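Visitor: I have the model open and some questions about the words used for it. Can you take me through them?

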Amino acid sequence: MRFSTILRHIREGALNIVRNGWMSFASISSIFISLFILGVFMLLALNINNLTKQIESQVQIRVFLSLNIEQAKKDELLNQIGNLPEVSKVTPVSKEEGLEMLRENLGKDGATLLEGYDKENNPLPDSLTVEVADPEQIGFVAKKIKAIGDNDATAPIMSVKYGQGAVETMFKVTKAVRNVGLVIVLGLALTAMFLISNTIKMTIFARRREIGIMKLVGATNYFIRWPFFIEGALIGLIGSGITAAVLLFGYSRLVAVSQFELGLMMIKLVTLQESGLLVGSLLIGLGTAIGIWGSTISVRKYLKV
Amino acid sequence: MVIEMHDIWKTYADGTHALKGVSVLIDRNEFVYLVGPSGAGKSTFMKLIYREEVPTKGQLSVNGFNIGKLKQRKIPFVRRNIGVIFQDFRLLPKLSAYENIAFAMEVIEAPRRLIRKRTMEVLDLVGLKAKHASLPSQLSGGEQQRVAIARAIVNNPSVIVADEPTGNLDPETSWGIMNLLEEINFRGTTIVMATHNKEIVNSLRKRVIAIENGVIVRDQARGEYGYEI
């Protein structure tokens, strides 16, 4: 192919968008609408994923030590548990801190319950807070810790608690939420592909006569295809570019405006920096690919003259 | 010979026999009228020449190419040597007169400077140099047909196939188009023209081939139209 022919194809592809203004507008609009909805759900899914991860990471194991434990034994346990490969962090909690935490958790009404308990008169045992690298391993790690206590003749561990039952249920729920989000996003992506490629097919159907004339004057199939290919790519690029810009700008405003309110509820949205590149490039990549795919498929149909 | 047909049959998928054993030779530089009632097979005859249809049976060669055995990817190159003109002009509606003509040269990847020179040349020949920037919708029927003719000849084809080129035009405009076709014929291009225009055929005497029911019933040099309408 001559260089001037390549330039011609690019020029024609771009010019055709202007020449068929309304049709291009229809295609770009359909790309915008489909991809915008898809983008909203992608951001939603990202945030749900992030939120469930946050919730999961907050689960921890409380190891209550026996009342008459010695300091040396305490340090030994701290080391042993800290050395478990699944454990990310072990924090010792003294009985005084434990009492303070209990007071805080119970609030004003509970304060009366704890009246009279103080430094000299503390019924609580010392404890350890254990965080696990992979929250799903929590049950397994709790068993391991319990085994350490059981194998020790001095029985240094009174009990191991991590919210058995409740944690497993929560994991099931968060997993389901994530999977549903993924299915919705995939379904929307497929719908978008069909909607967009159908619009493009319609615009090319309107131009089948044009293709017939090109063939009549002796244009090869490739010569006809190239401008349509470029036109499809450009329409996809423009449509998805506008979508990504509008969506991400809107999202950055949402993050800024809602930061305080959601912050009170301990919810933190995924920031634009974290999500923008992923969502933007996915949308633009998908839009361009659909634009090319839609136009290539439809042109092929009318080339057999 | 530019066109050689030997016992050509054409049967469409629905069972219609459009041509039933047509044999004809058309030489370089000839001007041929193709006459006959509607549905007699004239359009099929022409479509075979520019390979929009393939013969069901028989031997057809155009410019030395065996049309029946032509490979799909060779078709464009055969068409580049054949100019086609229709009753309904078939111009690209979004392109100017100039662009419509230049398009046929872009397709064969001619150098840009040559495209500009040659396109202006044929625009001048068909008398539309002043309207080169007009869109088809801004031109009269006769002017649109002139653009279509300019497009058909811009690549110097050896043969022009015209399917009722004056069918949509008033008598005066039709004569303008005929003068143009005759001029092109004088310059050495073979012309095959299907027509229902009795007046033109009887005044501008050329070879007449009459087709009825898929068979050639008459082939005369300097013939007459021979039908009442």
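This is a predicted model: local features need pLDDT of at least 70, side-chain atom pairs count only at pLDDT 80 or more; totals for chains, interfaces and linings use all residues.

**Reading chain A, term by term**

Guide: From the N terminus on, chain A runs α-α-β-α-β-α-β-α-β-α-α-α-α. That makes 9 helices and 4 strands. Residues are numbered from 1 along each chain as written, while chains are lettered from A and ligands numbered from 1 in written order.

Visitor: What are the domains of chain A, and where do their bounds come from?

Guide: Domain 1 is 3-55 + 169-302, and domain 2 is 60-162. The bounds come from an automatic or database domain assignment. Taken over C-alpha atoms, the two domain centres are 52 Å apart.

Visitor: What is the radius of gyration of chain A, and what would a compact globule have?

Guide: Chain A has 31 Å; a compact globule of 305 residues would have one near 19 Å. The radius is taken over C-alpha atoms, and the globule rule is 2.2 Å times the number of residues to the power 0.38. Along the principal axes, the C-alpha atoms fill a box of roughly 100 × 40 × 30 Å.

Visitor: What share of chain A counts as buried?

Guide: Of the 305 residues, 26% do.

Visitor: Why are strand 2 and strand 4 of chain A called edge strands?

Guide: The open sheet has 4 strands in the order 2-3-1-4, with antiparallel pairing. Strand 2 (87-93) and strand 4 (157-161) each pair on one side only, so they are the edges. Pairing needs at least two DSSP bridges between two strands. Strand 1 (residues 61-65) and strand 4 have 4 bridges, so they pair. In that pair, A:Val63 stands opposite A:Val160.

Visitor: Which residues of chain A are annotated as "transmembrane region"?

Guide: The unreviewed UniProt entry gives residues 21-46, 180-200, 233-256 and 276-299. Such annotations may be inferred rather than shown by experiment; positions follow the numbering used here, and feature names are shortened. In the model, residues 21-46 are 100% helix, with end C-alpha atoms 36 Å apart. Residues 233-256 are also 100% helix, with 34 Å between the end C-alpha atoms.

Conventions: Helices (H or I, at least four residues) and strands (E, at least two) are DSSP runs, numbered from the N terminus. A residue is buried if 20 or more other C-beta atoms lie within 10 Å of its own, exposed if 12 or fewer, and partly exposed in between; C-beta atoms are placed from the backbone.
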